[in-house]
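Colleague: I should like to learn how to read this structure step by step. May I put some questions to you?

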Amino acid sequence: MSTFNHNHFFAYSISIFIGLLFAMSVHAQVVINEIQLAGQTSKDEFAELYNNGDSATDVTGWRLTKKTAAGNEANLVTTFPSMSIAAHGFLLIAHPTDYKGSVLSDLVYSTSNTIADDNTIILYRDAGDTVVDRVGLGKATDREGSTAVNPDPGQSVSRRDGTDTNDNSRDFSVVVPSPTNRSGSIGSTPPPPSSSLPQITNSNPNESTQSTSS
């Protein structure tokens, strides 16, 4: 009897482990794909999500936050409404009043909080408890690997080919913003009023800076 119980427990443990791996693989396919901090105004901002998997992902009840370099975290979207992201599809989340992109956002912040230099943007699932993805900028202390750079006004940082190596510096490049919504419409954001925007450069001249959403 004791041997049977031991084998039964072992089989049960294996099944739980496989189930957890499956759940992780399903949810790991959604990533933070592109971030703009400022454009026409200091709050002309958006965060674009991308589903790099081959099946739709239900994001109902998920949460999006920002965290300062000092470690203070605040909600941008407290809880996602009932919605999903199609396979290889996008979800565009933007400031409720100051976003100036040429395509409509799918979701707007449910709070008055905004993102800024040296912030970390964090995506949660499981009613806002489990981290799906995080992107640290500039001097952010919460990050994957090394941080991505702070994009200047009129620029964004965008994930290279939608892949996630768990190193923000390696995964993101500075690009011309190309916000993309659930319909697949790719837009642009007007440049800030200043005509003296810094030149967009890439540290590796042989590496493309094209966004997944371009």
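The questions and answers below go from the whole chain to single residues.

Colleague: What is the mean pLDDT of the protein chain?

Modeller: The term pLDDT denotes the predictor's confidence in each residue, from 0 to 100. In the protein chain, 77% of the residues reach 70 or more. The mean pLDDT of the chain is 84.

Colleague: Over residues 9-27 the pLDDT is below 50; how many contacts does this stretch have beyond near neighbours in sequence?

Modeller: A contact means heavy atoms within 4.5 Å. Where pLDDT is low, the predicted coordinates should not be read in detail. For residues 9-27, the number of contacts beyond near neighbours in sequence is five.

Colleague: How many helices and strands does the protein chain have?

Modeller: Helices (H or I, at least four residues) and strands (E, at least two) are DSSP runs, numbered from the N terminus. The elements run α-β-β-β-β-β-β-β-β-β-β-β-α-β in that direction. The secondary structure therefore comes to two helices and 12 strands.

Colleague: Which strands are the edges of the open sheet of six strands?

Modeller: Two strands pair if DSSP finds at least two bridges between them. The sheet has the order 8-7-2-1-11-12, with mixed pairing. Each edge strand pairs on one side only, and these edges are strand 8 (107-108) and strand 12 (172-175).

Colleague: Which residue in strand 2 stands opposite V30?

Modeller: Strand 1 (residues 30-36) and strand 2 (residues 46-51) run antiparallel and are joined by six bridges. The residue of strand 2 opposite V30 is N51.

Colleague: What is the average twist in the open sheet of four strands?

Modeller: This sheet has the order 5-4-9-10, and its pairing is antiparallel. Its edges are strand 5 (73-77) and strand 10, each of which pairs on one side only. Angles run from 0 to 180 degrees between N-to-C directions, with axes that are lines fitted to C-alpha atoms, for helices over the stretch in contact. From one strand to the next, the twist averages 25 degrees.

Colleague: Which residue in the turn between strand 9 and strand 10 has a positive phi?

Modeller: Strand 9 (residues 120-125) runs antiparallel to strand 10, and six bridges join the two. Within this pair, I121 has V135 as its bridge partner, and I122 stands opposite R134. The two strands form a hairpin with four residues between them, and the turn residue with a positive phi, of about 55 degrees, is D126.

Colleague: Is H88 buried, partly exposed or exposed?

Modeller: H88 is found in the loop between strand 6 (84-85) and strand 7. Although H88 is not a glycine, its phi is positive, at about 55 degrees. Buried means under 20% relative accessible area, exposed over 50%, and partly exposed in between (1.4 Å probe, protein chains only). The relative accessible area of H88 is 41%, so this residue is partly exposed.

Colleague: Why does D161 count as exposed?

Modeller: D161 lies in the loop between strand 11 and helix 2 (168-171). D161 also has a positive phi, of about 60 degrees, although it is not a glycine. D161 counts as exposed because its relative accessibility is 65%.

Colleague: How far apart in space are G138 and A69, C-alpha to C-alpha?

Modeller: G138 is found in the loop between strand 10 (130-136) and strand 11 (156-159). Beyond four places in sequence, the contacts of G138 are D118, T147, A148, V149 and N150. G138 and A69 are 69 residues apart in sequence, and their C-alpha distance in space is 9.0 Å.

Methods:
Residues numbered from 1 in each chain as written. Predicted model: local features only at pLDDT ≥ 70, side-chain atom pairs only at ≥ 80, totals over all residues. Heavy atoms only, no water.
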